[in-house]
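Subject: Structure handover

Hello,

Here is the structure for you to look over. My notes follow below it.

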Amino acid sequence: MVLFYLRGDENVTLSDGAIKGPKHPTVLQIPLLTHRACISFISKENFIMLPATFKLCAGISYRHMRNMTGLRKNAMVAIHHELNKLSGPGPSAWINHIRRRSSLLSSRIAEETYSEAEQCYVQQGQEALQKSISILSDQDGWQTEIETVSGDKVMSKVLPDIGKVFKLEVMLEQQTDDLYEELVDNMEQMGEWNPNVKQVKILQKIGQDTMITHEISGETPGNVVGPRDFVSVRCAKRRGSTCFLAGMSTQHPGMPEKKGFVRAENGPTCIVMRPSADDPNKTKFTWLLSLDLKGWIPKTVINRVLSQTQVDFANHLRHRMASNGSVEAAIAC
């Protein structure tokens, strides 16, 4: 087994037969060292050395190259390429373990390049996700608000420091990946199919998981609730086969309060999607909703509007996905 880890001023051998590298490599030498390090590193017996090797490959073991973010990207690509070649056709627990660790390290290294404001947004998104998971994991105290003939159910309960939260639980006919693509990748198209949302605009993206959005609500029947808008930080995550889209209110310099709109607040909110245990082609869909609409609106009206909004959303989403499926079938023909 050959493995090495270079510091800026010396070579440090981690095992016999270590590959030697220059004390101060040039930019052109880094990709070669990256590839050699990846090949040397990847083995079942030595995957615990991933952090040291990853630092080498990312170029951050060299003081004069720590700010060259392009090297980090090359390192991530090289490591995952080697993992894919070694994984083979069958399952491999240790390769999957390395993948998880390398993904975590990739995220940590990427965070080093964020500004202070960007790091704050990332932390807010993570906080919204963790709070939401904590709320949803507690099954006690939920009271039924609405239950439809198709089995859709909206429940609610009051939480300290948050207030009343709502939870929608439905079963959808589509696969989780297709729903994730519609709700995350095509987020700005939501106003096309959900009349409760007039517009969704992504103001800023931070890495792969975090984004800042501005949403304008649609009109309610009878204009019971006037026009509202929201500025939110959103965190999109995948954990195994489960997908999360969490969020909470934030502020953004590119979207101050707008005249004619009440700036409402939300959060923590979270959509959780996972394949059905009975049929992996279907998705168990859960939506945690917490909103402060501001203004002088009776609580009874707010409760009715929010619970009905969740039921309506499920129906609109079903129609959207069915329409997408019809278009894809027509194209295939």
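Helix α7 contributes the most to the lining of the second largest pocket, with four residues. This is a predicted model. The pocket has a volume of about 790 Å³. Its lining counts 35 residues, and the closest to the centre are Glu 265, Asn 266, Leu 291, Asp 292 and Lys 294. Besides α7, the elements that each supply at least two lining residues are α5 (116-137), β5 (163-172), β9, β11 (265-266) and β14 (291-292). By class, the lining splits into 16 nonpolar, 10 polar and nine charged residues.

The search of the whole structure gives one cavity of 30 Å³ or more. The volume of the largest cavity is about 690 Å³. It is lined by 33 residues, with Val 197, Phe 230, Trp 287, Leu 289 and Leu 291 closest to its centre. Several strands each supply at least two residues of this lining, among them β6 (197-206), β7 (210-217), β8 (228-239) and β13 (283-289). The cavity lining has 18 nonpolar, 11 polar and four charged residues.

Now the aromatics. The whole structure holds three aromatic pairs. In one of them, Trp 193 and Phe 313 have ring centres 5.8 Å apart and planes at 50°, so the pair is tilted. This pair links distant parts of the chain, 120 residues apart: Trp 193 is in the loop between α6 (176-185) and β6, while Phe 313 is in helix α7. Trp 193 is buried, at 10% relative accessibility. Phe 313 is buried too, at 5%.

Phe 313 also pairs with Trp 287: the ring centres are 4.9 Å apart and the planes stand at 55°, so this pair is tilted. Trp 287 lies in strand β13 and Phe 313 in helix α7, so the pair ties together parts that are 26 residues apart in sequence. Trp 287 has a relative accessible area of 13%, so it counts as buried. Which residues make up the aromatic cluster? Trp 193, Phe 285, Trp 287 and Phe 313 form one cluster.

Two arginines sit over rings. The charged end of Arg 238 is over the ring of Tyr 180, 4.1 Å from its centre. Arg 239 lies over the face of Phe 244, at 5.6 Å from the ring centre.

Last, the cysteines. There are zero disulfides in the structure. Cys 120 is partly exposed, at 35% relative accessibility. Cys 243 is buried, with a relative accessible area of 0%.

Best wishes

Methods: Residues are numbered from 1 along each chain as its sequence is written. This is a predicted model: local features need pLDDT of at least 70, side-chain atom pairs count only at pLDDT 80 or more; totals for chains, interfaces and linings use all residues. Side-chain values use heavy atoms; hydrogens and water are left out. A disulfide is a pair of cysteine sulfur atoms within 2.5 Å. Buried means under 20% relative accessible area, exposed over 50%, partly exposed in between (1.4 Å probe, protein chains only). On a 1 Å grid over the protein atoms alone, a cavity is a set of points where a 1.4 Å probe fits but cannot get out, and a pocket is an open set with protein on both sides within 12 Å along at least five of seven lines; lining residues have an atom within 4 Å of a point. Grid points are joined across faces, edges and corners, and a volume is the space filled by probe spheres set on the points. Ala, Val, Leu, Ile, Met, Phe, Trp, Tyr, Cys and Pro count as nonpolar, Asp, Glu, Lys and Arg as charged, and the others, Gly among them, as polar. Rings of Phe, Tyr and Trp (its six-membered ring) pair if their centres lie within 6.5 Å; planes under 30 degrees apart count as stacked, over 60 as edge-to-face and the rest as tilted. A charge sits over a ring if NZ of Lys or CZ of Arg is within 6 Å of the ring centre and within 35 degrees of the ring normal.
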